[in-house]
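Biologist: I'm new to this one. Could you pick a single part and walk me through its surroundings, then step back to the wider picture?

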Amino acid sequence: MTSTAPPVEVDRVTRRFDATVALDDVSLTVQEGELVGLLGPNGAGKTTLLSLVSGVRRADSGTVRLFGGDPRDASSRIHLGTTPQETGLPPTLRVREVAEFVAGHYPDPLPTGELLETFGLTELAQRQTGGLSGGQKRRLAVALAMAGRPRLVLLDEPTTGLDVDARHVLWDALRSFHARGVTVVVTSHYLEEIEALAERVVVVDRGHVLADGALRDVVGRVHLRRVTLAVPADSEERLDRLDGVVGRDTDPVSGRHVLLTPDADALVREVVTAGVPFHDLEVRSASLEEAFLSLTRREVPA
Amino acid sequence: MTTIDRGPGPTTGRTTGTTAGTTTGTAPTGRGGPARGRATVPTLRLALLHFRYGFLETIRVPIAVVGTTVFPALALLFFVVPQEAVAGNPVAATASSAQLAVFAVMSTCIFTYGIGVAEDRALPFDPYVRTLPAGPAPRMAGRVMTGTVFAFLGVLPILLVAAFLTEASIPVLRLVVALVTLMVAGVPFLLLGLSIGYALSAKAATAIAQVVVFPLAFAGGLFMPPEAFPGWLDTLSTWLPSRAARDVVLPVATGGDVGVQAVAVLVAWTVVFAVLVTVVYRRDEGRRFR
């Protein structure tokens, strides 16, 4: 029965754009009530994945199911809420009108007044969307996703470009909807955002799912430290024997060695204990890109 | 306000007995289970919804509306009213007005659909609307309603100028029949406009719409009567949709007989443009998003 079908079922899906493979044999199932973060750099395939689930695009191969139905059928999308890009709101329509237009597509929408109230848009109801600030447009965009009392919400980079306060307002709203049982899939290229929202994290890069698991587990693998040090040539091989190094590279400019590790303290202690003659030690957070790269190298061997 | 209130209205400040916050996995209460409860909002109501907001969006850019709706009436005012031979003759004045009414409908259809659809497709709101639980039919129907209203708005000033400043006369019943005929004769132009809108970018659509409308109007005898054409142009003209529309509407307005060829040509173009719009729309579904 459809009632037991999970909100999202993506099975071995591939989607190309000309020569580019946006998604390569991706499978992903999201169960009712989950709050899933899709994490990955720009161009990783996150948006393409969402567009398949929301019925905007078609998969080249594989199957995509939305509550057990084909997302390209309008009736499958009754319980789906998505956000427009903030730049895409019809500029001449008023905030209330856009909300009512969207709500009118659903058989059992939230009362518009209640929706605007929840997202702090009540005072802006009579303003034309073309005159809103970026943050106000974002808030409206996210509010629209909730207009039809959705059971599944797909949010693509919901807080990009927002200041800290506006971001927290939106996060709170999303958490409260999730607390009421709404399944949420949110994409971001900010680790901070995913950490604040998600319970389960799926890391996507270059059309592949690199990691999929509980927040703490995945963040531990993605949240790496970058330890840079210089070592005399005759001691280089000793770096190979260190534990806790998940990625290794050479800085192209300085020629120093770059070690990626989940625990910089332990690694430095180990280097000292082993008596490796190093100098120019530097420790900082690895960027997400660096972390993705190390994940890619381990799980998709070239 | 368009409210056909069957079932829960889209905008009513209704407080349902069902709580917004049902627990995990629960379908919205009060429906016959999720599988059976998957009825979308009825197509007619969605069409009216799209019509309402399409109309609002268009009317709030008044210059666009004024441009297409006032031009034909101005043409009547400047080119027909001063000519005593035409304006003073009831049949000639009625024919000239009908001719410009055909032009008004044709240009409104090609401009609002050609440029309007192309511009909508360029907005990121368009792919968003496609994620809402509605198929393409209500959107298309809403657009057709919007276009019809604006086409009538274009015809209205012509009727006023014709009634007050010329000797044009038409019995009420015939006027109604003529207006209905005008709308039906506008269908091929509507389809042509949609084809342009779905096939081209907004900039290209603007250019093409202009390139299409004015030659069609001239060669179709909408600005000057085909009787003034050289023989070859008159012959060519009878195969154009604009001339066919004119030749169908004019006799209805002036009480003459509608020629079979004009009807046949109009139907043929309708079929051609219907096929074209289907092809272009399908192609667009697969290609639009990059």
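Modeller: Let's start at Pro241(B), which sits in helix α12 of chain B, a helix covering residues 241-254. Keep in mind that this is a predicted model. Pro241(B) counts as buried because 23 other C-beta atoms lie within 10 Å, and the cut-off for that label is 20 or more. Who's around it? Setting aside neighbours within four places in sequence, Pro241(B) is in contact with Pro188(B), Leu266(B) and Trp269(B). Gly259(B) is 18 residues away along the chain, and its C-alpha atom is 14 Å from that of Pro241(B).

An unreviewed UniProt entry lists "transmembrane region" for several stretches of chain B, among them 140-166, 172-192 and 258-281. In the model, residues 258-281 of chain B are 92% helix and 0% strand, with the end C-alpha atoms 33 Å apart. For residues 140-166 of chain B, the figures are 96% helix, 0% strand and 38 Å between the end C-alpha atoms.

Now for the wider picture. The largest nonpolar core has 88 residues, and Ala99(A), Ala143(A) and Ala147(A) have the most contacts inside it. Helix α4 of chain A (residues 134-146) gives the most to this core, with 7 residues. The core also takes at least three residues from each of domain 1 (8-220) and domain 2 (225-285) of chain A. Beyond its close sequence neighbours, Ala99(A) is in contact with residues including Leu115(A), Ala143(A) and Ala147(A). A second, separate core has 64 residues, including Ala73(B), Val213(B), Val249(B) and Val265(B).

Technical notes. Residues are numbered from 1 along each chain as its sequence is written. Chains are lettered from A and ligands numbered from 1 in the order in which they are written. This is a predicted model: local features need pLDDT of at least 70, side-chain atom pairs count only at pLDDT 80 or more; totals for chains, interfaces and linings use all residues. Helices (H or I, at least four residues) and strands (E, at least two) are DSSP runs, numbered from the N terminus. A residue is buried if 20 or more other C-beta atoms lie within 10 Å of its own, exposed if 12 or fewer, and partly exposed in between; C-beta atoms are placed from the backbone. Two residues are in contact if their C-beta atoms, placed from the backbone, lie within 7 Å. UniProt positions are given in the numbering used here, feature names are shortened, and annotations may be inferred rather than shown by experiment. A nonpolar core is a set of buried Ala, Val, Leu, Ile, Met, Phe, Trp, Tyr and Cys residues joined through C-beta atoms within 7 Å. Domain bounds come from an automatic or database domain assignment.
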